[in-house]
Every structure is written in C-alpha cells, then in structure tokens.
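Hi everyone, thanks for making the time today.

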Amino acid sequence: MPSVFIKTYGCQMNERDSEAVAAQLVAKGYSLAKSEAVADVVLLNTCSVRDFAEQKAINKMKNLVGTAKKDRPGQILGYMGCMAQSRGKELIEKLPDVDLVLGTQKFHRVAEYIDDLIAGKRAKIVDIDAEAKSEATIREHLLNGSARTSVSAFVSIMQGCNQYCTFCIVPYTRGEERSRTIPDIVAECRELVSRGVREITLLGQIVTSYGKRDPSLITHHSSLSPFVQLLDAVHEIDGLERIRFTSPHPKGYGDDLVEAYARLPKLCESAHVPLQSGSDRILKLMHRGYTREKFLGIVEKLRKAKPGIGITTDIIVGFPGETEEDFELTLSLAREVQFDNAYIFKYSQRRDTPAAEMPDQVPQNIREERNHRLLDLVNEIAARKYDGFIGRRVEILVEGPSKKNAARYTGRTRCNRIVLFDGSARHQGQLMDVKIERTGSFTLYGDPAVVNL
Ligand code: 5AD
C-alpha cells in the first residue's frame, strides 16, 4: 500500500486533526512514511491564523512540487485544514501540481479521496464544503505513534467559533460552533483510558462555549454550564488522572468553571486565559467582550480558588490603532498579572476580517519593537517564576524519553511545566514526585525524590 507523510502547521487542534487523518489512513492499509522524500502522498495540514504560517506552507508546497517533478513523479500532494478552507481552489490555480485541497470539515474523507487520486479516478479534488456532524468525525487515535501520545491524548469536543474577534480568521476557516454530545466524548475518553492514556486535553477553538449552541446536547436541570457538565462527566472516568482543556475564552471562566478547579481533583491547575490586549479601547475594537478590570477579576478568582495555578496567555501587539499608551497598558497588565508564560503575536492582517480594513494599521517596525519589549518583560517574569520552583517537590506525569537526549525522560507538572530527569522506560506513564534542582529556558530539571514503581 502507498505511504503517506503529513506535515502539520499551527495549533493543537491541527495536530489532533493530523493524527486522526493518519489513523484513518493506517486503518485503510496505508503506511506512514518517515519523511516527505520517501512518501507516495504528502499532505500539508495548514494554519491561517497569521500570514507567516500560510507563507511557510505555501513555500513548503513549492519545494515539494519541485522535488516531485524531478525525483518522484506521481507523488500525490495535498493541502488540508484552515488555509485549504479559506483559499480553496485558488491554491491549485497558483500551483497546478497540487492534487488535493481539503477543508476543515472533510478530514474523514481523506482516505477515500486519496484512493481515487491514486486509482486515477479523479485528477484533482477540491472539497471545502460544509458537512453536517463533521464535528464528531475527528475520533481515531494513533496511540502508538509516539511515546507521548500513549500517556496523554487530545480529544476534540467542539469545532468552530462564533466570537468573531475582529482580528481572527478562525470563524471563517472552522465555521460555526458545533459540539459533540457528552456521551460520545466520554466514550472516546474511556476508550483512550482503557488503552493506557492517563491525561486528556479537551480541545476546541472556544471550548468554554461547548454546547451553548446545541441545547439538545446537554442536561437542562443543571445550573452548570454545558462545559462544566462535560468536565464533570469526564472526571468520573476511573483510571484517568489528569484533565486539561484548550482554548478557552476569558468570558468562559464563570463561577462554575472557577469552582470546578477547586472541586475536581483531576482538573489540572493550569489555565490559559487569552488576554490579547491590556487596553479597554483596543479590547473593544477587537470585540473581545471583556475589560481590563474584568480580566484581572478572572485571574484573581482563579488564584483564589486554586493557589499556585499556572496562568498563561496570548497577546497581540500592533493591532490597528494601538498607540504607545495602549501598548503600555498591556505591559502594565502583564506586570500586574505575572503570567507564567505568554505567547506574543505581531498583528497580521487576515482576509475577510474586519480589523484588516480598520484605519491606522501599525507600521511593521513598531509591531516588531513592541513584540521585543513585551517578550523581554514576559520572559523575565517567567524565568523568575521558574526559579521559584527550585527546591520544591512536584508531581509529574512521565511522558517518555526526551526528544533531544534519550537518556533523559520528560514529564509535566500539573500546572503544565516540562520537567526533565534521569529516567528509564519503567517511569513512562507514571505519576511520580520529583524535586526540582535547577531550571533552564522554560524547563525544570528534577531529581526523583520518590519513585513510584
Ligand atoms: N494576528 C496576530 N495574532 C493573531 N492571533 C489570532 N489572530 C491573529 C492575527 N490576525 C493570535 C491570538 C490568538 C492566538 C491563537 O493567535 O492571540 O489567541
């Protein structure tokens, strides 16, 4: 059978989609190639969130087309995912050697389409149509694909986003919010746990809005939001040790979710709370639906409910109209909150989004400069926080050998920090305590204080 290589750009949802596609192909008898150079089929699973991510995938495809012509005639080349969804057939018009363009609601069709292309039944396929119930089709797992995935797995709970932040292309690439049912999600989680998974991360573009648009999916005699009802149901699974989720929206951290952190021992004390900006004026232009005060209130509530909770964020610098004063409000908020880590993005104009048409686009050099200033600040805060772990004993879930140094094993703390230690295969999948001895850049180095055999 032919072999396939999938290269993934972008977020964890994309990683998960690629994994499900790979599992689907393996189930149909395809093999997974070690590299694109030896594959019969190469698929790029793309990201559209910033222009940079799109350019990377387009350049990669140009290179693939070049080598395929020279060395591998007959190699099937395809784009999948977000950029495929937003650009559609334009991608083949630009690069006529591309065979397949597959949107975000069509991942479950990959095998069928590749079969047709290989058999010569069809010459080119572009399918970016909407498909009802496609949110429930990302369910196959490849648990033996890597050491990490056998301990920790991602489960897609919903697709799409209706928030329409003015900078964001996601509502156009992922569509309207659609959620899977609680029994369907729980069944998938149970199956994973029965195969050895101990940590599950629930995934979606806006997980805190889970079930809000599908009232038939959830129980109405509960005062809890559908997302917290789902957390409760997943929490019941015996053998599951840890639950995480991403990505949430700050407005989703209602009292019921904040209380869930205190109430549900398996829910890890780690919260991603995407800020985007510390200026109320910019937050409004972004259509974020909260203010600086509200955001600070959420962080305070979370820290009160779960002291020591790890709080991470996303921030955009150089949104249209952002002045030096607006940017300084972001700096001061970052100083006030002391994020454990922050992902900083230079604003990138995206097609079809309102912000792309807004006046006062910020010059590229100022975006760069603000990026550096904010990065310096968040790195300094993060490093101090990491140093605060030295001498402490923390529980880690061991994922497997470190990619860089196979003699070292890697695990994660409950608040989602990576810990490296001298371990061996018997540690894999174990929850164990380590004492933190030193820190590196975004890494803790531990010594097993108590080894659970
Ligand atoms: N430009 C820059 N960053 C963006 N993000 C989303 N859209 C854009 C854009 N147009 C960032 C946000 C989001 C993260 C996943 O990507 O910070 O939280």
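So, which residues are around the ligand? They are Val 49, Arg 50, Phe 167, Gln 276, Asp 314, Ile 316, Phe 345, Lys 346, Tyr 347, Ser 348 and Arg 350, where a residue counts as near if one of its heavy atoms lies within 4 Å.

Before going on, please keep in mind that this is a predicted model: local features need pLDDT of at least 70, side-chain atom pairs count only at pLDDT 80 or more, and totals for chains, interfaces and linings use all residues. Residues are numbered from 1 along each chain as its sequence is written, and side-chain values use heavy atoms, with hydrogens and water left out.

Back to the shell. It divides into five nonpolar, two polar and four charged residues; here Ala, Val, Leu, Ile, Met, Phe, Trp, Tyr, Cys and Pro are nonpolar, Asp, Glu, Lys and Arg are charged, and the others, Gly among them, are polar. Strands β13 (310-317) and β14 (341-346) each supply at least two of the shell residues. Strands are DSSP runs of E, at least two residues, and helices are runs of H or I, at least four, numbered from the N terminus.

Now the polar contacts, meaning pairs of N or O atoms within 3.5 Å. An N or O atom in the Gln 276 side chain is 2.7 Å from a ligand oxygen, and a polar side-chain atom of Asp 314 also lies 2.7 Å from an oxygen atom of the ligand. At Ser 348, a polar backbone atom is 2.8 Å from a ligand nitrogen. Taken alone, the ligand exposes 400 Å², and the protein buries 86% of that, using Shrake-Rupley areas with a 1.4 Å probe.

Next, a helix pair. The axes of α13 (residues 324-337) and α14 (residues 364-387) come within 10 Å and cross at roughly 10 degrees; axes are lines fitted to C-alpha atoms over the stretch in contact, with angles from 0 to 180 degrees between N-to-C directions. So α13 is roughly parallel to α14, a label for angles under 35 degrees.

Finally, the backbone. Most residues other than glycine have a negative phi, and most peptide bonds are trans. Tyr 164 is not a glycine, yet has a positive phi of about 50 degrees. The peptide bond from Thr 246 to Ser 247 is cis, with omega near -5 degrees.

Conventions: Polar contact = N/O pair within 3.5 Å; in protein donor to acceptor, adjacent residues only side chain to side chain. Parallel < 35°, antiparallel > 145°, perpendicular 65-115°, else oblique.
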